[in-house]
Each structure stands twice: as structure tokens, then as C-alpha cells.
Amino acid sequence: MGSSAMSLGQYNEARNEERQWAYVKEYLNGLGDGMSVSSAALIQQNRVPLYCLPKEKVLNHDDYINLLDTFIAENPFLPELPIESILLKSLITAFPCPKTQ
């Protein structure tokens, strides 16, 4: 697997190979961290964040995998869709921001 986008199919296939799965876990950690930093930057700019993670909550690769797997099970996707987009959608769904008036 390269450093470019990962498809849902590649994500699912990686489960069958220990070395690939280790890469996926690190990749998801990096993606999640980047998404968290992006949300924090939006908050600092007084803009709506991507999602609203509770302050005391810190996510790791196991959390990202659980979020992804739950979201994928509830929302079937084509195997060629990027896992990055699916992870973002799962975070937005799991940690919605309160509606402001």
C-alpha cells in the first residue's frame, strides 16, 4: 500500500495481512489526528468545526476502526470509495456539533 488515498476495498483486504493491517492502523491514526487538528483550527477561527469531539475524549486507531466499521455496517459503500472520506463522515456522525441559533 502506498501513501496515497486508501479505498474501502484496500481497507477490508488489509485485515487479512498482519503487516498491512499495522500500516492501516498507523494511517488511520494520522488521518484522525489531521482531522482533529483541522477541526481545532476551524474553532480558533470562530468557524464551524468538522465535528465536535468531547474535550476529555482522545481517539486512537482502535477508536477509528470501531467508528469506521460501525458506520460502514450501517451505510454500505462501494469498495472504490476512499476510506478517508468515510472516516470523516463517521466522525461527523458520531460527534455532531451542537446547532447554534
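Some housekeeping. In this predicted model, local features need pLDDT of at least 70 and side-chain atom pairs count only at pLDDT 80 or more, while totals for chains, interfaces and linings use all residues. Residues are numbered from 1 along each chain as its sequence is written, and side-chain values use heavy atoms, with hydrogens and water left out.

I start with α2 and α3. Helices here are DSSP runs of H or I, at least four residues, and are numbered from the N terminus. The axes of α2 and α3 lie 8 Å apart, at an angle of about 90°. Axes are lines fitted to C-alpha atoms, for helices over the stretch in contact, and angles run from 0 to 180 degrees between N-to-C directions. That makes α2 roughly perpendicular to α3, a label for angles of 65 to 115 degrees. On the α2 side, the contact (heavy atoms within 4.5 Å) includes Trp 21, Lys 25 and Ser 36. From α3 come His 61, Tyr 64, Ile 65 and Leu 68. By class, this contact has 5 nonpolar, 4 polar and 2 charged residues. Ala, Val, Leu, Ile, Met, Phe, Trp, Tyr, Cys and Pro count as nonpolar, Asp, Glu, Lys and Arg as charged, and the others, Gly among them, as polar.

Next, α3 (residues 61-74) against α4 (residues 83-94). Their axes come within 9 Å and cross at roughly 90°. So α3 is roughly perpendicular to α4. Tyr 64 and Leu 68 take part here too, among the α3 residues that meet α4. Residues on the α4 side include Ile 83, Ile 86 and Leu 87. This contact divides into 10 nonpolar, 2 polar and 1 charged residues.

Which cysteines does the disulfide join? Cys 52 and Cys 97, with 2.0 Å from S to S; the cut-off for a disulfide is a pair of cysteine sulfur atoms within 2.5 Å. Cys 52 is in the loop between α2 and α3, and Cys 97 is in the segment after α4, 45 residues apart. The link is right-handed, with 100° about the S-S bond.

The largest pocket holds about 300 Å³ of space. Of its 13 lining residues, the closest to its centre are Ser 36, Ala 40, Tyr 51, Leu 53 and Pro 54. Helix α2 (residues 18-44) gives the largest share of the lining, 5 residues. A pocket is an open set of points on a 1 Å grid over the protein atoms alone, where a 1.4 Å probe fits, with protein on both sides within 12 Å along at least five of seven lines; lining residues have an atom within 4 Å of a point.

Methods: Helix = DSSP H or I, 4+ residues; strand = E, 2+ residues; numbered from the N terminus. Parallel < 35°, antiparallel > 145°, perpendicular 65-115°, else oblique. Points joined across faces, edges and corners; volume = space filled by probe spheres on them.
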